[in-house]
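Please look over the model below before reading on. The paragraphs after it go through the fold step by step.

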Amino acid sequence: MIYYDTFKMTNGDIDIVGNDLLLVSGQEEMRQNIENRLAVNKGEWFLNLDLGLSYKDITGKGVRDSDIEYWIRECILQDERIREVRRIEIKRDIELRTADIYVVIIDPYGEELSLSGVIDIG
């Protein structure tokens, strides 16, 4: 089986109902895995310094959308189960210095999985 069962997390915390840990599997597990990877700054996690998104390369003046796309794609493809990153859309908010990111990936079974979020690009 290519999908795993793992703890369900909300805002970085493991979900617990009563005394039970909640689990997540299938595409939801893959979505959570990718979101967690994108939330880690590359070099931050001492057990795997290559894990995560290189935030220094997507923030500040002169960063192009193609740079942001490259580093997001590189981070997502760290999960060997991902067949393809099909599409990345970036919509900048110049005043807030953020970017809305929309990503479509292809899972191990050829199905589309979409993710979206906002990142601070300084």
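This is a predicted model: local features need pLDDT of at least 70, side-chain atom pairs count only at pLDDT 80 or more; totals for chains, interfaces and linings use all residues.

Residues are numbered from 1 along each chain as its sequence is written, and side-chain values use heavy atoms, with hydrogens and water left out.

Start with strand 7, residues 84-93. Helices (H or I, at least four residues) and strands (E, at least two) are DSSP runs, numbered from the N terminus. Strand 7 pairs with strand 8 in the antiparallel sense, over 9 bridges. Two strands pair if DSSP finds at least two bridges between them. Isoleucine 90 has isoleucine 101 of strand 8 as its bridge partner. Arginine 87 has valine 104 of strand 8 as its bridge partner.

Strand 8 also pairs with strand 9. Again the two run antiparallel, joined by 9 bridges. Valine 104 has serine 114 in strand 9 as its bridge partner. Isoleucine 101 stands opposite glycine 117 in strand 9. Strand 8 is mostly covered, with 7 of its 9 residues buried. Buried means under 20% relative accessible area, exposed means over 50%, and partly exposed lies in between (1.4 Å probe, protein chains only).

Now look at the turns. Strand 7 and strand 8 form a hairpin with 4 residues between the strands. Arginine 97 sits in the loop there. Its phi is near 60°, a positive value in a residue other than glycine. Is arginine 97 buried or exposed? Arginine 97 counts as exposed, because its relative accessibility is 52%. Threonine 59 is 38 residues from arginine 97 along the chain, and their C-alpha atoms are separated by 9.3 Å. The hairpin of strand 8 and strand 9 has 5 residues between the strands. In that turn, glycine 110 has a positive phi of about 85°.

Aspartate 93 belongs to strand 7. Its relative accessible area is 30%, so aspartate 93 is partly exposed. What does the side chain of aspartate 93 reach at 3.1 Å? It reaches the backbone nitrogen of glutamate 95. Aspartate 65 is 28 residues from aspartate 93 in sequence and 12 Å away in space, C-alpha to C-alpha.

The largest pocket has a volume of about 470 Å³. Its lining holds 25 residues, and the closest to its centre are Ile34, Glu35, Asn36, Leu38 and Ser116. A pocket is an open set of points on a 1 Å grid over the protein atoms alone, where a 1.4 Å probe fits, with protein on both sides within 12 Å along at least five of seven lines; lining residues have an atom within 4 Å of a point. Helix 1 gives the most to this lining, with 8 residues. Strand 8 and strand 9 are among the elements that give two or more residues.

The second largest pocket has a volume of about 170 Å³. Asn33, Asn36, Arg37, Val40, Trp45 and Leu51 line it.

The whole structure has 1 aromatic pair. The rings of tyrosine 70 and tryptophan 71 have centres 4.9 Å apart and planes at 85°, so the pair is edge-to-face. Rings of Phe, Tyr and Trp (its six-membered ring) pair if their centres lie within 6.5 Å; planes under 30 degrees apart count as stacked, over 60 as edge-to-face and the rest as tilted.

How values were computed. A polar contact is a pair of N or O atoms within 3.5 Å; within protein, one must be able to donate a hydrogen and the other to accept it, and residues adjacent in sequence count only if both atoms are side-chain atoms. Grid points are joined across faces, edges and corners, and a volume is the space filled by probe spheres set on the points.
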